[in-house]
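Here are my notes on the model, as numbered points. Please read them with the structure open.

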Amino acid sequence: MTQFSHDDRRKFIGWLARILMATPLVAVATTKLKPTPAVTVGPFYPPQPMGLPFFGAKALNPLPEGNDLTIGPGGRQSEGEKINLSGRVMNTAGQVLPGIRVEIWQVDARGHYAVEKAADKDPGFTGYGAVRTDAAGRYGFTTIRPQGYARYGGLIKRAAHVHLRVSGGGLTPFATEVWFAGDPGNERDSFISRIDDPQLRDRMLVRLSRVEAGLPAGTFDVVVPDA
Ligand SMILES: [Fe+2]
């Protein structure tokens with residue numbers, strides 16, 4: 001009968017422990033998150049609007065950096081219902097990404113983008129903000145609840161949305177849109193209906209179900225596609 005020495009038994013237990021400890025790591029590595037669907041930045045991206053000069057849009061210079069879009073020049077308050085929008089930026093392995101630049105832009109309470117030439121724009125709304133994610137991959141903005149809009153004689157009708165773009169930290173710049181659960185325009189929005197996967201579509205819909213610093217607040221996590 002084969003006799004195992006004390007040393008052999010110790011080696012075997014060590015080998016077994018390594019196998020057991022390695023197993024969960026393999027399981028984590030194979031579970032990938034689906035990336036957030038990409039949406040074009042569209043014609044009203046404040047640093048670089050498209051269609052100049054046809055649409056009369058003008059790039060914002062200087063860009064109003066910061067996390068609060070509801071305070072305009074001279075401390076002027078914006079119109080519209082203030083909300084807090086926050087979330088995390090992560091990769092498909094679920095690792096949070098610190099130091100990523102997050103930009104958002106949207107229409108003001110009168111339905112205008114900051115880059116559009118319109119006489120009745122809300123002077124208290126900056127229309128654009130940019131922050132960097134913290135050590136936990138978090139970003140956060142104070143803005144207003146957006147409204148849907150129509151452009152080009154009703155040719156394009158959009159549900160309420162906030163544009164969001166992430167860049168920096170070695171990422172390929174990635175843009176998407178934040179939509180709002182319960183918005184009446186969601187059903188007929190061509191961008192929303194293009195996303196076939198119901199789970200992914202649901203992830204794009206923010207629910208303003210929390211209260212944060214006295215304001216309705218919602219979460220939008222961004223899963224950046226693999227390079
Ligand atoms: Fe838009």
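1. In which loop does alanine 213 lie? Alanine 213 sits in the loop between strand S10 (210-212) and strand S11 (215-219). This is a predicted model, so read each point below with that in mind. Phi of alanine 213 is near 50 degrees, a positive value in a residue other than glycine. Is alanine 213 buried or exposed? It counts as exposed, because it has 9 C-beta neighbours inside 10 Å, and the cut-off for exposed is 12 or fewer.

2. Tyrosine 152 also deserves a look. Its phi is near 55 degrees, and this positive value again falls in a residue other than glycine. Tyrosine 152 is found in the loop between strand S5 (149-151) and strand S6 (156-158). It is exposed, with 9 other C-beta atoms within 10 Å.

3. Check the peptide bond between asparagine 61 and proline 62. It is cis, with omega about 0 degrees. Proline 62 belongs to the loop between helix H1 (6-30) and S1.

4. Now the overall makeup. The protein chain has three helices and twelve strands. Of its 227 residues, 30% are buried. Take the contacts between residues at least 6 apart in sequence: 70% of them join residues at least 24 apart.

5. Which residues have the most contacts inside the largest nonpolar core? They are Leu85, Val89, Val102, Val178, Trp179 and Val222. This core has 38 residues. At least two core residues come from each of S1, strand S2 (101-105), strand S3 (128-132), S4, strand S7 (161-167), strand S8 (174-180) and strand S12 (222-223). S1 gives the most, with four residues.

6. Leaving out residues up to four places away in sequence, valine 222 touches Thr36, Gly87, Val89, Leu164, Val166 and Thr176. Among these partners, Val89 is listed with valine 222 itself among the core residues with the most contacts.

7. How many bridges join strand S1 (residues 82-90) to S4? There are seven, and the two strands run antiparallel. Glycine 87 stands opposite tyrosine 139 in S4. Glycine 87 is also one of the residues that valine 222 touches.

8. Why is strand S4 (residues 138-144) largely enclosed by the rest of the structure? Five of its seven residues are buried, so the strand is largely enclosed.

How values were computed: Residues are numbered from 1 along each chain as its sequence is written. This is a predicted model: local features need pLDDT of at least 70, side-chain atom pairs count only at pLDDT 80 or more; totals for chains, interfaces and linings use all residues. A residue is buried if 20 or more other C-beta atoms lie within 10 Å of its own, exposed if 12 or fewer, and partly exposed in between; C-beta atoms are placed from the backbone. Two strands pair if DSSP finds at least two bridges between them. A nonpolar core is a set of buried Ala, Val, Leu, Ile, Met, Phe, Trp, Tyr and Cys residues joined through C-beta atoms within 7 Å. Two residues are in contact if their C-beta atoms, placed from the backbone, lie within 7 Å.
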